[in-house]
Amino acid sequence: LVENKGFNTVFIEADYSACLKLNRYINGETDNVNDAIFELIYFAWTTEEMKEFVEWMRVFNHNSDEKIQIVGCDMQSISDDKKEIERILINKNMDSIPDFFQTLNPPYNDTSKLQQALNDWNIFYNSFKGLEPNTSNLINATINQFLQHKLNNSNQYNYRDSCMAINIINYLDRNPNSKGIWMAHNGHISKTRYDYPTSFSYKTAGQFLSENLKAKYVSIAQTTNTGQFNAWKYIKGRPVFSVCEIKKAKGNSLEKYLSKYNAKILFYAYSKIHDIKKMKYTEIGHTYGKTNSNYKVKRYKKLKEGKFDYVIYFEQTKQTTILKK
């Protein structure tokens, strides 16, 4: 896509500020690549495979006039914003970071502290925004999103998905020559809307993007018939980072349907799949098996028409190699 189709932006399901150090690295800044990757925090990214991809992007940028950018679109943490703001202030010989970055700590359930932090940040931003005009807009957006997220507990997952979509659209609006790839969980990139009896509607980030970008947004799922993967499992009530395994797909599943082609890797048009409403597919997240509350995370989720545009199917996968500090 980069080499032949003009794609130049890689959006990932990681926080915006957490990716800035890594983006500077792939654009030639001297740094420790492992340190830059570890700022992404989540195990989906802190891998040897990600490191190989990052090094490929750095070499590509060194040899090309058409530069790739890596951009985080998520807003789950505020610690990465603190690090990036401190870097900016140090470079400008300033040290007036708002106090709440030191005093606001998990589980973020003190409403008065959160509201005060939001007020303090918006006052501080008036003087901060001119220091780094290329990044301050999205730093401001994700800090506001994080604090609003904690202030309003209802519909949290829907809110997070809407924020990821808004951040991608915001970046594209500010960088109109961008042509982006978004790497995220199938559940986020899918084009799905759920309407519940309580009048609450849940939309995935992919649905938000599809509504805004229309045909410019193409959703490509990834799935596997069998293999290993990394995930957290709760064993005797404690989270244990584990190598998990799924057996060959059975029953009326997407993976069973695609396995008939006997292909190690297959790129398949979603619209060509028959009886999609009766089918299920593998959708695994960061936790597998039973959760701490004894809820069992199942392998399969139901499919819907129009959920994706294409599917990349792997006959077998293996777990990623976690990057060592």
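The buried residues of helix α7 pack against α5, α6 (100-103) and α8; buried denotes under 20% relative accessible area, exposed over 50%, and partly exposed in between, with a 1.4 Å probe and protein chains only. The model is predicted: local features need pLDDT of at least 70, side-chain atom pairs count only at pLDDT 80 or more, and totals for chains, interfaces and linings use all residues. Residues are numbered from 1 along each chain as its sequence is written, and side-chain values use heavy atoms, with hydrogens and water left out. Helices (H or I, at least four residues) and strands (E, at least two) are DSSP runs numbered from the N terminus.

**Helix α7**

- Helix α7 covers residues 111-128, and its 18 residues should span 26 Å at 1.5 Å a residue, which agrees with the 25 Å between its end C-alpha atoms; the expected span is 1.5 Å times one less than the number of residues.
- The buried residues of α7 are L114, A117, L118, W121, F124, Y125 and F128.
- These residues lie on the same side of α7, because they cover an arc of only 140° around the axis; the arc is that of the directions from the helix axis to the C-beta atoms.
- S112, I123 and N126 are exposed on the other side of α7.

**Helix packing against α8**

- Helix α5 (residues 79-91) packs with helix α8 (residues 136-151) at an angle of about 145°, their axes being 11 Å apart; axes are lines fitted to C-alpha atoms, for helices over the stretch in contact, and angles run from 0 to 180 degrees between N-to-C directions.
- The α5 and α8 crossing is left-handed, meaning that the near helix is turned anticlockwise from the far one by less than a right angle.
- D81, E84, I85 and I88 of α5 meet I139, T142 and I143 of α8 in this contact, where contact means heavy atoms within 4.5 Å.
- The contact of α5 with α8 comprises four nonpolar, one polar and two charged residues; Ala, Val, Leu, Ile, Met, Phe, Trp, Tyr, Cys and Pro count as nonpolar, Asp, Glu, Lys and Arg as charged, and the others, Gly among them, as polar.
- Helix α2 (residues 16-26) also crosses α8 at roughly 145°, and their axes come within 9 Å.
- Y16, S17 and L20 of α2 make this contact with L138, I139 and T142 of α8.

- E55, in helix α4 (residues 48-63), is partly exposed at a relative accessible area of 27%.
- Apart from neighbours within four places in sequence, E55 contacts Y25 and V33.
- E55 and D74 are separated by 19 residues in sequence and by 23 Å, C-alpha to C-alpha, in space.
- R160 belongs to helix α9 (residues 156-174) and counts as buried, with 10% relative accessibility.
- Beyond neighbours within four places in sequence, R160 is in contact with E13, D74, M75, Q76 and H188.
- I246, in strand β7 (residues 238-246), is buried, its relative accessible area being 4%.
- Not counting residues up to four places away in sequence, I246 touches T224, N225, T226, G227, F229, T282, I284, Y288 and R299.
- I246 and Q316 are 70 residues apart in sequence, with 9.7 Å between their C-alpha atoms.

**Helix α11**

- In helix α11 (residues 205-213), the buried residues are A205, G206, Q207, L209 and S210.
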